[in-house]
Amino acid sequence: MSRFSALRLGPLETVPVSVVAQPGVTLMSLVADALGGRSQGVHPSWRRALRSAVPEGAEAVLRPLFAREYSMVPDCLTPTAPLWETDLSVQLERLAEVPSDVLLRELETDFAGTVPRQWQGVVDRPKAFIHSYAAILGAVWEAFGPIWARAGSLLARETERVGVATVSNALPLVLSGLGPKIRFSGQTLSVPDPHPETFERGTRRVVLVPIVSGNGASVFSFDRSDAVWFGYPVPGLDTLWKAERAAPSKDPLELMVGSLRARILRELARPCTMGSLASALNCTPATATYHCGQLEAAGLLTRERRGQHVVARRTTSGAALVGLLTD
């Protein structure tokens, strides 16, 4: 049974939001999937390439970080700790130079004095572990770097999309579409967590970190004093797996909500039944229902049962968004 930690955001109009293309988050997602046994939906060809790029025995070195009993990466070993630092080479150099005593103190603190068995080899030879760990991350990134570079246009589009959502009061739409593992309802974001807690955002900034790894990617941190951040699959990620990439849409509404959801909102210039909507979109009723559910969660449409039919209609916010983002 899935368990979730919850972050209470407060009134959305008061939430400061930033987008940061932080490569360290993508790196840790790739490592978790390819070498840690924690599926992030990485494409099989990418996974094979990453496994072949790392030194022999890499999975054994990383096993303490992804053990089923307690999955944890100490802050001093996390390339995401300097959240605003987007030069990954700087972060990898820092990781290779982490002092042994810093790692040992952090393990002692994180595990309240009782370091789990899977970490004992690290405790016995911390310097050797640090060097091996840094070498593995460096090898993964060297193999993946060209794909990260190709993803630059997707990351730029996502920054633009979130910016448009923020100024057009459509932030709920962004928050309800952060990937299959993240849930949004009202003013609360919920993320899968084997050790669930409830957190208050307070006055902290919300940082959205698009991830270039897999469509199941989900990484987050609520522990910082200055910000809470979520890593989620960058929209359009699947285009990086295809030999021919589709030209990016120049339609502002499509950029904001995606092509099918833009068509739904435009089709609902007048209310219509879900069956008629699916026919007009040339998609299955299940597909129409899913995307309408996301738009409804964002407050852009409503659905109401009338006899044997369900009628969908745009809300005032939905109509305003279409008007604002339609030439």
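Which two strands form a hairpin, and how many residues lie between them? The strands are β10 and β11, with 2 residues between them. Gly307 sits in the turn and has a positive phi of about 65°. This is a predicted model.

**The hairpin and its neighbour**

Strand β10 covers residues 301–306 and pairs with β11 in the antiparallel sense. The pairing runs over 6 bridges.

**The cysteines**

A disulfide is a covalent bond between the sulfur atoms of two cysteines. To count as one here, the two sulfur atoms must lie within 2.5 Å. By this rule the count comes to 0 disulfides. Two cysteines show how far apart the sulfurs are:

| Cysteine | Cysteine with the nearest sulfur | Distance |
|---|---|---|
| Cys272 | Cys292 | 8.1 Å |
| Cys283 | Cys292 | 8.3 Å |

Is Cys272 buried or exposed? Cys272 counts as buried because its relative accessible area is 17%, which is under the 20% limit.

**The open sheet**

Now turn to another part of the model. Which strands make up the open sheet, and in what order? There are 4 strands, in the order β2-β6-β8-β7, and their pairing is mixed. The edge strands are β2, residues 17–19, and β7, residues 219–221. Each edge strand pairs on one side only. On average, neighbouring strands of this sheet are turned by 15° against each other, direction ignored.

Strand β2 pairs with β6, residues 205–211, in the parallel sense. There are 3 bridges between them. Val19 has Leu208 in β6 as its bridge partner. In a regular strand, side chains alternate between the two faces of the sheet.

**Helices across the sheet**

Which helices lie across these strands? One is α1, residues 23–34, which lies across β6, β7 and β8. Helix α1 runs at about 55° to β6. Another is α8, residues 152–167, which lies across β2, β6 and β8. Helix α8 runs at about 165° to β2.

Note on methods:
Residues are numbered from 1 along each chain as its sequence is written. This is a predicted model: local features need pLDDT of at least 70, side-chain atom pairs count only at pLDDT 80 or more; totals for chains, interfaces and linings use all residues. Side-chain values use heavy atoms; hydrogens and water are left out. Two strands pair if DSSP finds at least two bridges between them. Axes are lines fitted to C-alpha atoms, for helices over the stretch in contact, and angles run from 0 to 180 degrees between N-to-C directions. Contact means heavy atoms within 4.5 Å. Buried means under 20% relative accessible area, exposed over 50%, partly exposed in between (1.4 Å probe, protein chains only).
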